Amino acid sequence: MKQIVQRLLQAVLVLFGVALLLFIMVRVIPGNPVAMMMGDHADPAAIERISHELGLDRPIHEQFFIYLRNVLRLDFGTSITLGRPVADLMTAAFPNTLKLAVCAAVFAWVTGIFCGIISAAYSNSFIDHLFMGISLLGLSMPVFLIAMVLQYVFAYHLHILPISGTDSWKSFILPAIALGWNCAGSVARLMRSSLLEVMEEDYIDTAYAKGRSHAGVLIFHALRNAFLPVVTMMAVQFSALISGAVITETVFSINGIGRLAAAAINGRDIPLLQGTVLFSTLAAVLGNLLADWLYLLLDPRITEAI
Amino acid sequence: MKSTRALSRANRENTVRSVLTRLFRENRMAAVSFAVIILFILAAIFAPLLTPYSWEEMELIHRLNPPSAAHLFGTDEAGRDIFTRMLYGSRVSLLVGILPSMVSLAIGSLLGVTAGYYGGWLDAVIMRLADIVLAFPSMLLAMVLMYMLGGGLFNVFLTLSLVNWASAARIIRAETLQLKEREFVESARAIGVKSPKIIFRHILPNCVPTIIVLFTLNIPDSILTESSLSFLGLGVQPPAASWGLMVNAGRQFFYTSPWLCLFPGMAVMIIVLAFHFLGDGLRDILDPRRRKQ
């Protein structure tokens with residue numbers, strides 16, 4: 001319990017730092033961002049008016065506290081390019097990103113863990129080499145390439161699944177596979193090596209000596225400990241999924257947070273950029289906390305040590 | 001003084017030659033990967049000699065030609081030879097993989113060793129900064145930095161250098177904390193060697209195996225991030241050739257002329273895989289904790 005509270009406090013501090021760093025990065029650009037956004041032929045009066053509306057004419061520390069206060073009230077300002085409150089835009093986009101990320105994570109973990117266990121159970125067999133070969137493709141293929149190839153084969157050529165958009169649950173299948181592909185590869189490899197390592201432990205010999213079958217030992221004795229490194233990796237993967245979502249959402253034209261962030265950069269839209277990046281980082285930090293908590297739950301040795 | 005230096009040197013048993021010999025003898029995949037990387041580097045250096053075409057000259061009569069004897073990987077929407085553009089693109093991808101990894105490893109090692117050796121508030125400040133940088137999803141941090149700096153090759157270098165230092169700093173700090181307690185560091189301190197000298201003579205040289213492994217594994221990450229940034233149009237700007245940018249440009253013709261995207265995309269895949277294997281192989285040899293297995 002104490003440890004969870006400590007982690008939570010740490011996360012809050014990190015998020016404060018994230019907000020500060022993001023603020024510095026976005027505001028450090030020389031010149032007036034509004035003038036840059038509106039181009040060379042903009043009316044100076046209009047630039048001044050918008051700068052005033054955004055509060056850009058105030059002292060920099062004052063700007064930061066106003067920004068922080070607004071963020072705590074979930075007010076991320078109004079998007080310059082889209083003319084709507086950033087909070088509204090993100091509320092509309094978030095469910096899509098969440099669905100995509102959850103589907104991708106489920107796909108990655110289920111296939112990764114399954115392939116990893118099978119590979120370990122039949123290590124050095126044909127099926128092991130096949131799975132590990134495929135997982136290598138997963139590790140090395142850039143997300144945009146997988147996404148485009150999947151789109152080409154299953155949507156354009158075979159007409160089995162929708163090519164883009166978010167109209168039905170079917171639309172999420174290809175993006176989820178594309179996004180989860182890398183993650184599935186690393187989960188499978190780690191699951192395999194971790195399981196093989198645990199199988200060397202003494203207590204596994206004991207289990208065999210008690211007359212358990214190979215499958216029984218694997219499932220009831222080895223798996224739980226072998227999961228620990230995989231869970232740790234899941235935390236890191238969560239952040240990688242959010243990174244990959246930017247690309248996946250772009251290729252499949254999904255209206256999500258990642259695509260908003262990309263649009264914000266192309267339109268030099270400061271409120272939208274700050275909002276989407278802050279929100280994504282919050283999601284990544286929460287994902288990390290969740291994995292930490294899961295780890296504590298799975299490994300009583302750590303909880304007892306405290 | 002002499003004996004402490006000998007002790008700290010005895011702790012580093014690996015020479016370049018012994019590492020490479022063991023790598024080739026024990027790990028066939030790493031050896032093949034090493035050869036592939038050398039091949040790519042040679043192709044990047046000698047690009048003008050390997051192709052009769054120019055990377056920027058457009059020949060609109062030959063636009064979107066499929067792969068043939070004249071154009072090995074076909075031509076793009078402006079009639080430029082894809083193979084040629086990929087050769088020149090490999091310069092960007094390799095540089096983008098190697099240079100920022102060097103810079104971020106240098107920053108990460110220095111900050112990590114400082115934090116670990118001196119401890120106290122310096123440690124706290126550096127490590128909290130690393131926590132904050134690591135909290136960002138890396139792609140989004142890279143995007144914000146590209147927004148701040150603007151597009152272009154040099155800014156891609158800068159961005160990638162600033163994104164990847166934090167995890168290196170964490171690992172080198174942990175290593176420093178262990179090395180600090182070793183006899184050769186203590187005896188150096190006992191005979192009055194100054195701290196900066198201990199760091200550069202005794203601690204950093206002993207971190208070199210870790211740094212090499214981190215460096216090799218950082219390269220594929222940088223290459224993937226660059227290609228993703230360029231794919232989004234935020235990285236290297238046209239008409240420069242980068243593999244990610246080529247995929248981005250070819251996207252609108254993908255259904256009719258898939259070779260525009262497939263070949264550059266696969267090039268990214270192969271080089272990433274090669275560096276990955278090499279890094280893994282080096283880690284097996286250099287990391288004492290893994291050596292037993």
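In chain A, the C-alpha centres of domain 1 and domain 2 lie 33 Å apart. This is a predicted model, in which local features need pLDDT of at least 70 and side-chain atom pairs count only at pLDDT 80 or more, while totals for chains, interfaces and linings use all residues. Residues are numbered from 1 along each chain as its sequence is written, chains are lettered from A and ligands numbered from 1 in the order in which they are written, and side-chain values use heavy atoms, leaving out hydrogens and water.

Let us start inside chain A. Domain 1 covers 2–72 and domain 2 covers 93–305, with bounds that come from an automatic or database domain assignment. Where do they touch? On the domain 1 side, 19 residues are in contact with 16 residues of domain 2, where contact means heavy atoms within 4.5 Å. Together the two domains of chain A bury about 1,500 Å², and 79% of this is on carbon and sulfur atoms. Buried area here is the accessible area (1.4 Å probe) that two parts lose on being put together, summed over both.

Which helices of domain 1 supply at least two residues each to the side that touches domain 2 of chain A? They are helix 1 (2–27), helix 2 (33–38) and helix 4 (60–72) of chain A; helices are DSSP runs (H or I, at least four residues), numbered from the N terminus. Helix 1 of chain A gives the largest share, twelve residues. By class, this side of domain 1 has 16 nonpolar, one polar and two charged residues. For these classes, Ala, Val, Leu, Ile, Met, Phe, Trp, Tyr, Cys and Pro count as nonpolar, Asp, Glu, Lys and Arg as charged, and the others, Gly among them, as polar.

Now look at where the two chains meet. Here 38 residues of chain B are in contact with 43 residues of chain A. The area buried between the chains is about 3,800 Å², with carbon and sulfur atoms giving 80%. In chain B, the residues that lose the most area to chain A are B:Phe136, B:Tyr147 and B:Tyr255, together 22% of what that side buries.

One joins the side chains of A:Arg192 and A:Asp128 (2.9 Å, N to O). A:Arg192 is in helix 8 of chain A and A:Asp128 in helix 6 of chain A, 64 residues apart. Both A:Arg192 and A:Asp128 are buried, meaning under 20% relative accessible area, with exposed over 50% and partly exposed in between (1.4 Å probe, protein chains only).

In chain B, the side chains of B:Arg173 and B:Asp123 meet in a salt bridge (2.7 Å, N to O). Because B:Arg173 lies in helix 9 of chain B and B:Asp123 in helix 6 of chain B, the pair ties together parts 50 residues apart in sequence. B:Arg173 is partly exposed at 23% relative accessible area, whereas B:Asp123 is buried at 14%.

Finally, B:Asp131 and B:Arg128 meet in a salt bridge (2.9 Å, N to O). Both lie in helix 6 of chain B, three residues apart, about one turn of the helix. B:Arg128, B:Asp131 and B:Arg170 are linked in a network of salt bridges.

Note on methods
A salt bridge is a side-chain nitrogen of Lys or Arg within 4 Å of a carboxyl oxygen of Asp or Glu.
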